[in-house]
Amino acid sequence: MSPAVSRAKLVRLGSVAAVGLLLALAVVWSRGVATAKSPSRCVVPGVGKPLDRVWRPDMQSALRYKRTRIGDIAFAVRTDARFYAYRPDHVEWSASVLKAMLLVAYLDRPSVARRDLDGRDRVLLNPMITVSDNDAATEVRSIVGNSGLSALAHRVGMTSFEPAAIWGESHISARDQTKFFLHIDSFIPKLHRAYALRLLASVTPSQRWGIGEVAPKGWKLYFKGGWGSGTGLIDHQVALLVRGCARVSVAVLTMDDGTHPYGKDTLKGMFARLLRGLPTGASRRRV
């Protein structure tokens, strides 16, 4: 659960939101820079072709659905070769989505990176990710500091991130978060990569709404959500889907949803449309 935030405080984001509204009709499709493995050499298991030759997110369907929903919505989809987005640089409060950055910043600390994790580490990190524990997140932030978060943002190449005194009010964008999640493991020390990914794959069932309900079979799902204490003020999810060497990162950020159940429905509908047709490699039954 994310820290309580009030509608009045949204005034701080007024100037950013105004710019976002001017860009509301803009949809961005662009070529990205391949990282880790060249897309030309990476084929989707069971398909035998590079991901971007057989699939692209259904942006038009997502935009049509977005127009039927209340709330302030931004989203982005990223592969190693492509980037698709609607208002990718629109800034919103992070809520508990920040906990993925806190996890990575903690594990990358010099005093932690090259040693085995102990009980104290796990007591903080496990609940912070799997049940979105706020007290654990507050303690982790006190350890890594805003300087640790900013250093991670710099490593990733984020352009909109800004930490805040109240960690749930840190500024994030869909562009930055998909860039972070696409190869999140590359920002984690090798010794702790498997552990961190296991946490992101083990979100408690009661919090596996949105993408947790519609993630395609055959793809491993790693994600973190954030919500404004169930008020409907904030409902975000950022995810990485992996099948073999193929990767897709997706971020859907929403504010002013009215109610938390409504925000969860918006996330589910957006992810279902954006990920529609993602190849699973399942063979068709012959008639």
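The lining of the second largest cavity comprises 4 nonpolar, 3 polar and 1 charged residues. Here Ala, Val, Leu, Ile, Met, Phe, Trp, Tyr, Cys and Pro count as nonpolar, Asp, Glu, Lys and Arg as charged, and the others, Gly among them, as polar. The lining residues are V203, Q207, W209, F223, K224, G225, W227 and Q237. Strand β6 (residues 220-227) supplies the largest share, 4 residues. The second largest cavity holds about 40 Å³ of space. In total, 2 cavities of 30 Å³ or more were counted. A cavity is a set of points, on a 1 Å grid over the protein atoms alone, where a 1.4 Å probe fits but cannot get out; lining residues have an atom within 4 Å of a point. Grid points are joined across faces, edges and corners, and a volume is the space filled by probe spheres set on the points.

The model is predicted: local features need pLDDT of at least 70, side-chain atom pairs count only at pLDDT 80 or more, and totals for chains, interfaces and linings use all residues. Residues are numbered from 1 along each chain as its sequence is written, and side-chain values use heavy atoms, with hydrogens and water left out.

The protein chain contains 11 helices and 8 strands. Both are DSSP runs numbered from the N terminus (helices H or I, at least four residues; strands E, at least two). Of its 287 residues, 53% are buried. Buried means under 20% relative accessible area, exposed over 50%, and partly exposed in between (1.4 Å probe, protein chains only). Among contacts (heavy atoms within 4.5 Å) between residues at least 6 apart in sequence, 71% join residues at least 24 apart.

The structure has 1 disulfide (a pair of cysteine sulfur atoms within 2.5 Å). The bond joins C42 and C245, with the sulfur atoms 2.0 Å apart. The link of C42 and C245 is right-handed, with 110° about the S-S bond. C42 sits in the loop between β1 (27-31) and α2 (51-54), and C245 in the loop between β7 (234-243) and β8 (246-255), so the pair ties together parts 203 residues apart in sequence. C42 is buried, at 7% relative accessibility. C245 is partly exposed, at 26%.

Helix α6 (residues 119-130) packs against helix α9 (residues 193-200) at an angle of about 35°, with the axes 8 Å apart. Axes are lines fitted to C-alpha atoms, for helices over the stretch in contact, and angles run from 0 to 180 degrees between N-to-C directions. R122, L125, N126, I129 and T130 of α6 meet Y195, R198, L199 and L200 of α9. By class, the contact of α6 with α9 has 5 nonpolar, 2 polar and 2 charged residues.

Key. 1 Å grid on protein atoms, 1.4 Å probe; cavity = no way out; pocket = protein on both sides within 12 Å on 5 of 7 lines; lining within 4 Å.
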